[in-house]
Amino acid sequence: GYGVVEPDGSIRARVPSDTPVTISVLDSEGRAFTPHTHWIQARDGERRFCKGCHSSRLGTTNPSGGTFLNDPAAVGVHPGGTSTTTMSQTRGASTVTYANLMRDLVSDDYWTPLYNSRDGTSITPMTTISRTYASLSTSAPVKGPASCSTTWSPLTCSIVINYVDHIQPIMTAKCASCHTGTSASGGLDLTSVIAGEFGRPLSYQSLLVGNPLLDASGQPIINVNADGEVMLEREEAAVIPGAARGSRLIERIAEQTLKANVSTTTQRAFCRAGGVGCLNGATWQNHVGQAWSLNASERRLIAEWVDIGAQYYNDVFDGSGSLRTPAASLSEDVFACRVQPILQSTCASCHQPGGGGFTANRFVLTGNTEADFSATASMVTNLTTPSSSLLLYRPSRSATDTPPHPGATPVLPAGSANYTTIESWIAGTLTCP
């Protein structure tokens with residue numbers, strides 16, 4: 001839930017007992033700054049005070065000694081308070097429900113009217129902040145009794161964000177028309193098609209795994225680490241779990257330059273929020289103010305999802321209380337006995353980690369079963385329609401087709417025995433002898 005940070009920097013909140021709690025301070029759009037890195041909890045009725053990581057736990061609960069940070073009247077005592085109470089303590093003493101956590105990010109100006117009425121000083125009121133789920137056309141991520149939609153209780157209500165239930169519907173409605181296919185805008189495919197690498201929507205994979213970095217000649221940058229493992233270098237992903245302000249996705253949907261790490265050496269066209277810093281002559285597309293732009297509720301929900309870890313499921317139980325169905329998966333055992341031999345005999349001569357003949361793509365085969373399985377799974381971009389996966393789509397074409405594949409004739413012609421074997425593996429109907 002959400003609480004209010006007062007002008008002097010204090011906060012007071014009532015939280016469920018015997019429950020791990022962590023704290024994040026948010027900007028006006030609901031995006032977290034560097035979060036508190038420790039979990040705290042309290043027993044029923046216990047009070048916990050925070051005065052600073054390196055201060056004594058005893059003594060006054062007001063570390064400022066009576067001088068309040070950002071006090072609008074620039075005096076040590078606010079209306080109704082004393083030199084030993086914080087603004088949150090003063091406000092909480094007069095408002096019974098003040099410390100209750102809220103479902104939505106809402107903050108209005110409580111103090112300015114009190115100061116103005118006390119001494120007649122003219123102080124400009126703070127703009128009210130309100131970031132709610134009110135404008136969602138998809139379901140709100142609220143779990144608990146039906147009353148949670150109107151009356152929020154952190155004891156019975158919770159914010160539970162599942163990617164497939166709450167984020168993917170927004171991507172499908174607002175983003176997937178441009179961000180789709182092998183030439184997806186910005187290198188992001190935000191469609192709901194289930195891919196083989198994770199057995200999850202291609203959009204989730206696209207957001208959480210960075211695109212391969214290319215060298216000056218357009219070849220993927222591949223290194224071998226100290227353990228002899230072949231590593232494909234990737235750019236930073238569009239979503240950094242736990243850091244909305246550090247994610248490119250959040251910059252673009254809000255058109256604000258925040259803290260995303262965008263290197264000028266990135267070999268793929270990318271623009272910083274606001275239309276600055278476009279690489280490789282890219283054309284900037286404004287993501288705000290369009291008919292398809294995300295509204296404030298959708299931006300708040302996506303930022304919230306990123307800040308709490310960008311999880312696929314925030315709750316492992318479905319609406320009936322049963323464990324959710326595991327993600328779809330490809331069989332590595334069947335791959336080893338039926339598919340890898342085909343790839344090694346048909347594809348590996350070109351798809352090597354280095355040397356002559358390597359083609360400009362991310363598909364690298366080394367002969368190691370585990371490594372080849374992982375690389376091949378990343379090329380299975382559609383579990384529902386195997387023929388649409390890059391693994392079958394590209395090698396079933398020739399140099400004269402669009403998109404082209406090297407060679408005068410297809411390496412894996414559609415309908416051939418090897419093509420059908422791989423197609424059956426993707427569909428989950430193939431078995432080992």
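Select Phe317 first: leaving aside residues up to four places away in sequence, Phe317 touches Ser322, Leu323 and Arg324, where contact means heavy atoms within 4.5 Å. Phe317 sits in the loop between H6 and H7; helices here are DSSP runs of H or I with at least four residues, strands are runs of E with at least two, and both are numbered from the N terminus. Phe317 counts as partly exposed because its relative accessibility is 38%. On this scale, buried means under 20% relative accessible area, exposed means over 50%, and partly exposed is in between (1.4 Å probe, protein chains only).

Before moving on, a word on what you are viewing. This is a predicted model, in which local features need pLDDT of at least 70 and side-chain atom pairs count only at pLDDT 80 or more, while totals for chains, interfaces and linings use all residues. Residues are numbered from 1 along each chain as its sequence is written, and side-chain values use heavy atoms, with hydrogens and water left out.

**Stop two: Lys143 and Asp315**

Now select Lys143 and Asp315, which form a salt bridge whose closest N and O atoms are 2.3 Å apart. This pair links distant parts of the chain, 172 residues apart: Lys143 is in strand S3 (residues 142–143), and Asp315 is in the loop between helix H6 (296–307) and H7. A salt bridge here is a side-chain nitrogen of Lys or Arg within 4 Å of a carboxyl oxygen of Asp or Glu.

Select Arg131 and Glu29 for one of them, with the closest N and O atoms 3.0 Å apart. Here too, distant parts of the chain are linked: Arg131 belongs to strand S2 (residues 129–131) and Glu29 to the segment before helix H1 (87–94), 102 residues apart.

Next, pick Arg103 and Asp104, whose side chains meet in a salt bridge (3.3 Å, N to O). Both Asp104 and Arg103 are buried.

**Stop four: His179**

Go to His179, in the loop between helix H3 (163–174) and H4. His179 counts as buried because its relative accessibility is 13%. Look for the backbone oxygen of Ser185, which lies 2.6 Å from a polar atom of the His179 side chain. Leaving out residues up to four places away in sequence, His179 touches several residues, including Leu188, Asp189 and His287.

**Stop five: H7 and H8**

Finally, show helix H7 (residues 332–346) and helix H8 (residues 369–378), whose axes come within 10 Å and cross at roughly 85°. That makes H7 roughly perpendicular to H8, a label for angles of 65 to 115 degrees. Which residues meet? Among them are Phe335, Ala336 and Leu343 in H7, and Asp372, Phe373 and Thr376 in H8. By class, the contact of H7 with H8 has four nonpolar, four polar and three charged residues.

Stay on H8 and colour its buried residues: Asp372, Phe373, Ala375, Thr376, Ala377 and Ser378. The buried residues of H8 pack against helix H4 (202–208), H7, helix H9 (390–393) and helix H10 (417–427).

Terms used. Axes are lines fitted to C-alpha atoms, for helices over the stretch in contact, and angles run from 0 to 180 degrees between N-to-C directions. Angles under 35 degrees count as roughly parallel, over 145 as roughly antiparallel, 65 to 115 as roughly perpendicular and the rest as oblique. Ala, Val, Leu, Ile, Met, Phe, Trp, Tyr, Cys and Pro count as nonpolar, Asp, Glu, Lys and Arg as charged, and the others, Gly among them, as polar. A polar contact is a pair of N or O atoms within 3.5 Å; within protein, one must be able to donate a hydrogen and the other to accept it, and residues adjacent in sequence count only if both atoms are side-chain atoms.
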